[in-house]
Amino acid sequence: MVYITLANGDAYSEEVLSQKQKTYDNVSVPYKRGDIKDRNGSVLATSVKVYNLVLEPKNVLADENIKYKQKTVDALVKYFGVTEEEVNKALEDSESWYKVLKKQIPYDDVKKFQDYEESDAGYGIVGVWFEDGYIRNYPNGDLACHVLGFVTSDNQGLGGLESSYNSTLNGQNGRIYAYFNDDYSLTRTVEPATDGNSIVTTIDTEIQRIVQTKSEEFMDEMGARNISVLVMNPQNCEVLAMYNSHQYDPNNAFDISATKYLYEREEDNYKITDEEYASVTDAMSSEEKDKKLNELWRNFVVSDNFEPGSTYKTFTIAGALEEGVITPDDTFYCDGGQQVADTYIRCHLNTGHGMLTTTQALEQSCNDSLMQIAAKEGRTNFAKYQDLFGFGQRTNIDISGEGSSANLASMIYHENKLNPVELATSSFGQGVTVNMMQIGTAFCSVINGGFYYQPHLVKQVIDADGNVVQNYDKILVRRTISESTSSELRTMLGGVVTSGTGKHAAVEGYSIGGKSGTAEKIPRGNGKYILSFIGFAPVENPKVMLYCLVDEPGSPNPAESAAGTFLFQKIASELLPYMNIDKTGNDAAVEANTTGDEVATPIYNDGQVPASDGVAGTTPTDAQ
């Protein structure tokens, strides 16, 4: 007993005494979660300080303070909107030194109370104090919501950068330890919290805003199942903007009303009112609501797979040029299609393009020529460049939502599965399945000299004091093609805009290259298409890559709408001046009625769709 008293007496005394104040011996002090900023320092997500109102019943009801009890109760009712009954209910726990009466109170309300408390009129108020807390705030509302994701009440990130950088953004809680001294006075000891680190992203808020504004205007004009846009710096694969239509506000991510578009699409009723949808959601089970919310939060650019269509021709030609099996001036004859094994596969121009050079085949987006090029390339080389360009693989972008390696590997035909029909259709982007991030990253390597960089969304990690903890530089993964092949492709892709199917992408004064894409969705012949355009500027020294995709455009003739190309032009017209991209003296302007658009047509003759028709990794039933 003597040893215990001498060695640990003070600690045991505090422990015994602390039993008198029960729940108030150990209180968590919350950390501040780090900010998410754009590349220019604008705040995209931050944690705003709020306050929890703490009441000390033991103190309020002490003999020397009881005469001020009602003044304390009245002040709490007046300044914090609580009822007298709620305060008295908390005071029933008369031995407690810690009762949270109200949470997440803004500073302005706290300040008004404190001013009153310090005035002569507020003399005698006792047993009231405030502990810090934080709520996540997204000052730009739904802007870049799929990039950012959101945070739950326990500081766990869901989706986007909030999820993938969760451990970086989170800090460590502190503690308040409270105990009685020998004279039974209450003493608090504070162990401060460690705030989380902030991240500086590659996103440019103004570019993101341009993309969102123009895409929303386009959606209002034409309509579509979905619009997605990706903007990158081709020289290092930094993501400058990433957009999906049908957005949500991360400040209120669980607002089920934002999923109304899903119901309208499923029920083919585009005029449902908010009131009608509210009655629908009231009848939903929690599982049904979760399913709809998860679809709303899903990032199409990273997570969804689709057949790319003719944008894929860029990579077929790049591989064939690099291997030396073709040159830009080699010629191919298009008579409207090819008989491949026992299947006849059409070109998008059924009457045929006639004799075309390789350059013209890309400009006119000739399926027939591409099938001939792929046949010369052979399945071994074709598979080699699929791998080099990263198809069937993770890009390893630093954001949540990308598919697993095994899942993505099943989305292309590997060499052992590249039979004649699969090789032919893959050459022009049907059957092979990709996501936008794969296409965008691979395309950057085509136009930047053949350097495949890992795409990324974060530039820096910064601590709470503003010190740089980590820089993220460009990561070269591999070479895809040589500089000479890249230079040839840039010139050829420039011709697509000046002379081919991409004329609607032209912006007056700028040299632009790119490739249109149309893909007929499974099941074939259903009249549903994905239209896209991937382009860059300037042709001579690419500084920006812009990829626009319109899924099932609302045009009466969606196959002929050139929706992706028009969206590209709409965004690029404002994007290029903002980025200070140099004009090159190109006087080409958008032509109102330009012929030569790539028209999506069924690739098989009626009644001759192969029984195995589908996409890599699925059966036709799965794809439907």
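Residues are numbered from 1 along each chain as its sequence is written, and side-chain values use heavy atoms, without hydrogens or water. Local features need pLDDT of at least 70 and side-chain atom pairs count only at pLDDT 80 or more, while totals for chains, interfaces and linings use all residues.

The mean pLDDT (the predictor's confidence in each residue, from 0 to 100) is 88. A value of 70 or more is reached by 87% of the residues. Residues 17-24 stay under 50. The model gives this stretch 21 contacts (heavy atoms within 4.5 Å) beyond four places in sequence. Residues 619-624 also stay under 50, with ten contacts beyond four places in sequence. Where pLDDT is low, the predicted coordinates should not be read in detail.

A patch of negative charge lies on the surface. Its members are Asp 74, Glu 84, Glu 85 and Glu 86. Patch residues have over 30% relative accessible area (Shrake-Rupley method, 1.4 Å probe, with only the protein chains shown as cover) and no salt bridge, and like charges are joined within 9 Å. A salt bridge is a side-chain nitrogen of Lys or Arg within 4 Å of a carboxyl oxygen of Asp or Glu.

Two loops carry backbone features. The peptide bond from Ala 537 to Pro 538 is cis, with omega near -15 degrees. Pro 538 falls in the loop between β22 (529-537) and β23 (544-553). Ala 144 is not a glycine, yet has a positive phi of about 60 degrees. Ala 144 is placed in the loop between β5 (128-137) and α6 (145-148).

Key: Patch = residues over 30% accessible without salt bridge, like charges linked within 9 Å, V, L, I, M, F, W, Y side chains within 5 Å. Lys, Arg positive; Asp, Glu negative; His and termini not counted. Charge placed at Lys NZ, Arg CZ, Asp CG, Glu CD. Helix = DSSP H or I, 4+ residues; strand = E, 2+ residues; numbered from the N terminus.
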